[in-house]
Amino acid sequence: MRCGKTNCRCKAEPPVLHGPYWHWTRTIAGKTQSRTLTAEQADRYQPWFDNARRLRTLLTELEERSLRAFRDAED
Ligand SMILES: [Zn+2]
């Protein structure tokens, strides 16, 4: 990736590109918020992201089970 800075190493020949970038995206009160993290930050907070992913998976599973239980009881 190239940035907007002139005389940056990413404009050199051969170019030394930036990145890869990690984007931390989440939805807060209906608004998508995004932050770019450095590789070091992404690494440091990886357990948080793993936990968040696990939580979302469990929530989805809970919803599916609830729906199934509801159907079994009501249909
Ligand atoms: Zn650059």
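Start by selecting His18, which sits in the segment before strand 1 (22-28); helices (H or I, at least four residues) and strands (E, at least two) are DSSP runs, numbered from the N terminus. Before you zoom in, note that this is a predicted model, where local features need pLDDT of at least 70 and side-chain atom pairs count only at pLDDT 80 or more, while totals for chains, interfaces and linings use all residues. Residues are numbered from 1 along each chain as its sequence is written, and side-chain values use heavy atoms, with hydrogens and water left out.

Is His18 buried or exposed? His18 has a relative accessible area of 15%, so it counts as buried. The cut-offs, with a 1.4 Å probe and protein chains only, are under 20% relative accessible area for buried, over 50% for exposed, and partly exposed in between.

Now show the neighbours of His18. Leaving aside residues up to four places away in sequence, His18 touches Met1, Arg2, Cys3, Cys8, Arg9 and Cys10, where contact means heavy atoms within 4.5 Å. With Arg9, the side chain of His18 makes a polar contact of 3.5 Å. That term covers a pair of N or O atoms within 3.5 Å; within protein, one must be able to donate a hydrogen and the other to accept it, and residues adjacent in sequence count only if both atoms are side-chain atoms.

Like His18, Cys10 is buried.

**Next: the salt bridges**

How many salt bridges does a search of the whole structure find? It finds 3, taking a salt bridge as a side-chain nitrogen of Lys or Arg within 4 Å of a carboxyl oxygen of Asp or Glu.

- Select Arg44 and Glu40: their closest N and O atoms are 2.9 Å apart. Both are in helix 1 (residues 39-44), 4 residues apart, about one turn of the helix.
- Select Arg53 and Asp50, with 3.7 Å between the closest N and O atoms. They are 3 residues apart in helix 2 (residues 46-74), about one helical turn.
- Select Arg65 and Glu61, with the closest N and O atoms 3.4 Å apart. This pair is also in helix 2, 4 residues apart. Arg65 is exposed at 51%, whereas Glu61 is partly exposed at 34%.

**Last stop: an aromatic pair**

The whole structure holds 2 aromatic pairs. For one of them, select Tyr45 and Trp48: the ring centres are 4.8 Å apart and the planes are at 50°, so the pair is tilted. Rings of Phe, Tyr and Trp (its six-membered ring) pair if their centres lie within 6.5 Å; planes under 30 degrees apart count as stacked, over 60 as edge-to-face and the rest as tilted.
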